[in-house]
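Please read this briefing alongside the sequence and the coordinates. The notes after the display are grouped by topic.

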Amino acid sequence: MTDQGKILAAQGESASALSNGLATLNRRRPGQINEAMKDIGLRIGSILTLILIWWLLSLFFPPTLIPKPSATFAEVANIVSTGNFFSEMGSTLRRVLVGFGIAMIVSVPLGILMGTLRNLESFFEPPVILGLTMPGLIWAVLMIMFFGLSETSAYAAVGITIMPMLTISIWQGTKSIDKELIDMSRAFHASPWSKIVDVILPQLISHILAAIRYGLGLAWKVVVVVEMFGLSNGVGYQVVRGFNVFSMKAVLAWAITFLIVMIVIEFGIIGCLERAVTRWRPRVEAWRR
Amino acid sequence: MAYVRVQGAVKFFPREDGSEMLVLDRVSFETKEHGITCLLGPSGCGKSTLLNVVVGLERLDQGNVEVLSNHRRSARELPQLGYVFQDPRLLNWKRVENNLTFALKGMGVPRTEWEERIQKYLGLAGLREFRKQFPLYLSGGMRQRVGLARALAIEPEVLLMDEPYSKLDQLTARKLREDTLAICARLQQTALLVTHDVEEAAYMGDRIVILSARPAHVVETSDNPFAPPERDLDDPTFIQFKKKVLKTVLSLVEEEV
């Protein structure tokens with residue numbers, strides 16, 4: 001696990017807390033609304049502080065090393081308005097999503113089986129733990145050597161990198177499942193399929209969502225590496241192009257656009273998904289004091 | 001048209017250190033047909049284990065449990081038992097009505113009957129207008145009612161209840177006892193209720209089976225001299241009966257001390 005992964009995961013958490021807060025805002029009494037506003041203010045303040053530090057540093061370094069925030073954001077606007085942003089970002093996102101899909105298809109059943117069957121747990125634990133410690137960079141190299149410079153290597157590298165993490169999360173989630181509900185479903189003779197779909201999976205949703213949040217951070221790191229190595233489009237490729245002409249401004253601008261896209265995914269898509277699948281849970285106690 | 005017969009039930013539980021602890025010591029009793037049989041005993045005496053054995057969640061080490069029924073079953077067909085748990089054990093992510101269909105689906109009730117059953121049993125449990133709610137938006141008593149409706153909806157041969165009122169406040173529990181008694185009387189439901197509450201046993205039970213502290217054996221089996229409508233918690237003769245049961249149970253506890 002690298003620092004970048006942790007930071008992205010942390011961003012994921014704070015973003016989801018924020019979106020929960022926004023969702024509940026209109027149900028609160030005035031005092032709580034002030035609390036909520038203060039919380040949002042602090043989060044915005046944190047981002048502004050980062051930009052301020054960046055700007056202060058840029059006063060002391062040449063723009064080739066630390067470009068001014070204003071110039072970088074102008075470059076972001078330029079990238080977005082010239083049109084290749086959407087196709088590049090689209091390619092990268094597609095690779096992330098396909099890789100993600102592959103990982104989910106393998107990890108969800110595997111994690112559930114490991115959580116329920118002792119023998120399978122013992123058998124699959126070593127490869128899963130080994131897989132978790134393997135750096136994404138090495139997976140990227142291995143996949144490129146195996147599949148060549150193709151889309152397939154990007155899909156495979158993303159999939160295989162996040163698979164162990166997803167599996168562990170679902171495996172541990174399965175172990176923490178409410179045994180009493182399993183007994184209940186046995187008392188009413190629920191079929192194995194019904195046990196999985198009606199009793200087990202709903203209890204895993206929050207684990208799966210957490211895994212998706214963290215997995216997205218990992219997936220983006222790996223896909224960028226694959227694109228840097230040899231694909232001819234995507235955000236990683238653009239970053240490498242910026243690097244080749246030593247344009248700090250371009251590298252930063254592409255990184256920022258990606259962060260913005262990630263935040264939109266986190267807030268918009270995953271946040272909505274979470275609200276949709278946790279509708280049954282009263283939201284009052286979700287707000288932290 | 002069904003009743004439960006338990007004969008010479010023996011059950012050991014493994015201890016932490018590997019030795020075995022006797023939980024049920026040759027327990028025998030029969031439930032009363034079309035009535036509520038109460039298993040009354042001190043906490044931790046193995047009453048719930050007995051229910052789990054009846055429903056098939058646990059196995060006996062010796063003895064046997066039969067669910068006798070007019071309806072002839074093939075050897076592989078399981079008896080239809082409706083279980084009401086101490087905690088409601090609902091699927092909180094499913095609406096009230098879907099908690100019922102979960103059980104109906106499991107017990108193999110044809111889909112065409114579901115709607116009728118949902119309406120009937122949610123109605124009986126006083127939950128008609130809550131069928132589209134999610135359980136966590138209901139009070140504890142309401143959730144327990146959902147658990148009751150779910151168990152009744154499968155139209156069980158025997159209704160099994162494991163201290164279903166012990167986690168409710170006194171007033172809610174009292175109301176729910178009254179309602180359960182009325183529903184069971186109306187449905188002519190054979191039921192087995194586990195409790196450690198003497199008043200509850202005297203009020204609910206048509207037959208009261210008093211169990212000793214662990215290892216549990218049957219101390220006394222008696223039929224309630226009061227028919228359900230005559231059980232008035234404030235009536236002196238009923239209080240007299242309650243005291244008699246309490247005395248038996250207290251003597252067991254004193255032996256322990």
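How many residues of chain B are in contact with chain A? In this predicted model, 18 residues of chain B are in contact with 18 residues of chain A. The largest share of the side of chain B that touches chain A comes from α2(B), which supplies four residues, and by class that side has 13 nonpolar, two polar and three charged residues.

**Helix α2 of chain B**

- Helix α2 of chain B covers residues 96-106, and because nine of its 11 residues are buried, the helix is largely enclosed by the rest of the structure.
- The buried residues of α2(B) are B:Val96, B:Glu97, B:Asn99, B:Leu100, B:Thr101, B:Phe102, B:Ala103, B:Leu104 and B:Gly106.
- These buried residues pack against elements of both chains, namely α8 (179-187) and α9 (192-230) of chain A together with α3 (114-124) and α4 (140-153) of chain B.
- Just after α2(B), the backbone at B:Gly108 takes a positive phi of about 75 degrees.

**Nonpolar core**

- The largest nonpolar core has 120 residues, and those with the most contacts inside it are A:Ala157, A:Val158, A:Ala219, A:Val222, B:Leu40, B:Ala149 and B:Leu160.
- The element that gives the most to this core is α9(A), with 16 residues.
- When residues up to four places away in sequence are not counted, A:Ala157 touches A:Trp139, A:Ala140, A:Met143, A:Val222 and A:Val226.
- As general background, nonpolar side chains tend to be buried together in soluble globular proteins.

**Overall make-up of chain A**

- The secondary structure of chain A comes to 11 helices and zero strands, and 32% of its 289 residues count as buried.
- Among the contacts in chain A between residues at least 6 apart in sequence, 73% join residues that are at least 24 apart.

**Packing of α4 and α5 in chain A**

- Helix α4 (residues 84-116) and helix α5 (residues 118-133) of chain A pack at an angle of about 125 degrees, with their axes 6 Å apart.

Conventions: Residues numbered from 1 in each chain as written. Chains lettered and ligands numbered in written order. Predicted model: local features only at pLDDT ≥ 70, side-chain atom pairs only at ≥ 80, totals over all residues. Buried ≥ 20, exposed ≤ 12 C-beta atoms within 10 Å, placed from the backbone. Helix = DSSP H or I, 4+ residues; strand = E, 2+ residues; numbered from the N terminus. Contact = placed C-beta atoms within 7 Å. Nonpolar A, V, L, I, M, F, W, Y, C, P; charged D, E, K, R; others polar. Core = buried A, V, L, I, M, F, W, Y, C linked by C-beta atoms within 7 Å. Axes fitted to C-alpha atoms, helices over the stretch in contact; angles between N-to-C directions.
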